[in-house]
Amino acid sequence: MGKVLAVCVSERKGTQKKNVNSARFVEDWGIEGDAHAGRWHRQVSLLSHDRVEEFRARGAQVDHGAFGENLVVEGIDFKSLPLGTRFCCGEVILELTQVGKECHSHCAIYKVVGDCIMPREGVFTRVLHGGTICAGDELTLLS
């Protein structure tokens, strides 16, 4: 079980996201108002809080959303989970569709932060059932 620490969105792909603390997740679409929403396999991105803290320990000052992640979650190591893993947060059900991603010629995030951990640590999901997720909510793995 994990705890959602931040819910982040952005208007453009490849940019840092801003923590909005709460958002509406739309089935087979993603987060309402987020640039990555659409009918594809990378609707919502997740990043383990521990990985962000490891990056901060190297001296970086980064806010939640700095790596383009939608959800920052404490207590789950996402990259160790197999594709198809499902998560539940309130009414929302997410399905893991991709681990890591290619960083296209040092995106805007890399240029601002000096590194981007999403290609190594981030995971992507699609929304199987919609609802609202807020910072402080519990995210559980479904068996």
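Author: Start with glutamine 98: its bridge partner in β9 is phenylalanine 124. The model is a predicted one, in which local features need pLDDT of at least 70 and side-chain atom pairs count only at pLDDT 80 or more, while totals for chains, interfaces and linings use all residues. Numbering runs from 1 along each chain as its sequence is written, and side-chain values use heavy atoms, with hydrogens and water left out.

Strands and helices are DSSP runs numbered from the N terminus (strands E, at least two residues; helices H or I, at least four). Two strands pair if DSSP finds at least two bridges between them. Strand β8 and strand β9 (residues 123-129) run antiparallel, joined by six bridges. β8 (residues 92-99) also pairs with β7 (residues 86-89), antiparallel, over four bridges. There, arginine 86 has glutamate 95 in β8 as its bridge partner. Two residues separate the strands of this hairpin, and glycine 90 takes a positive phi near 65 degrees.

Back to phenylalanine 124. The charged end of arginine 42 sits over its ring, 4.7 Å from the centre. The test is NZ of Lys or CZ of Arg within 6 Å of the ring centre and within 35 degrees of the ring normal. Lysine 13 lies over the face of tryptophan 40, at 4.6 Å from the ring centre.

Now the packing. A nonpolar core is a set of buried Ala, Val, Leu, Ile, Met, Phe, Trp, Tyr and Cys residues joined through side-chain atoms within 4.5 Å. Buried means under 20% relative accessible area, exposed over 50%, partly exposed in between (1.4 Å probe, protein chains only). The largest core holds 22 residues, and Phe25, Leu71, Phe78 and Leu139 have the most contacts inside it. At least two of its residues come from each of β1, β3, β5 (44-48), β6 (71-74), β7, β8 and β9. Apart from this core lies another, of eleven residues, with Phe124 among them, as well as Phe55, Ile117 and Met118. In soluble globular proteins, nonpolar side chains tend to be buried together.

Setting aside residues up to four places away in sequence, phenylalanine 78 touches Leu46, Leu47, Ser48, Val73, Phe87, Val123 and Leu139. Contact means heavy atoms within 4.5 Å.

Next, the rings. The whole structure has two aromatic pairs. One joins phenylalanine 55 and phenylalanine 67, edge-to-face, 5.0 Å centre to centre with 85 degrees between the planes. This pair links distant parts of the chain, twelve residues apart: phenylalanine 55 is in helix α1 (residues 49-57), and phenylalanine 67 is in the loop between α1 and β6. Phenylalanine 55 counts as buried because its relative accessibility is 4%. Phenylalanine 67 counts as buried too, at 2%. Phenylalanine 78 and phenylalanine 87 also pair edge-to-face, at 5.5 Å centre to centre and 75 degrees between the planes. Phenylalanine 78 has a relative accessible area of 0%, so it is buried. Phenylalanine 87 is buried, also with 0%. Rings of Phe, Tyr and Trp (its six-membered ring) pair if their centres lie within 6.5 Å; planes under 30 degrees apart count as stacked, over 60 as edge-to-face and the rest as tilted.
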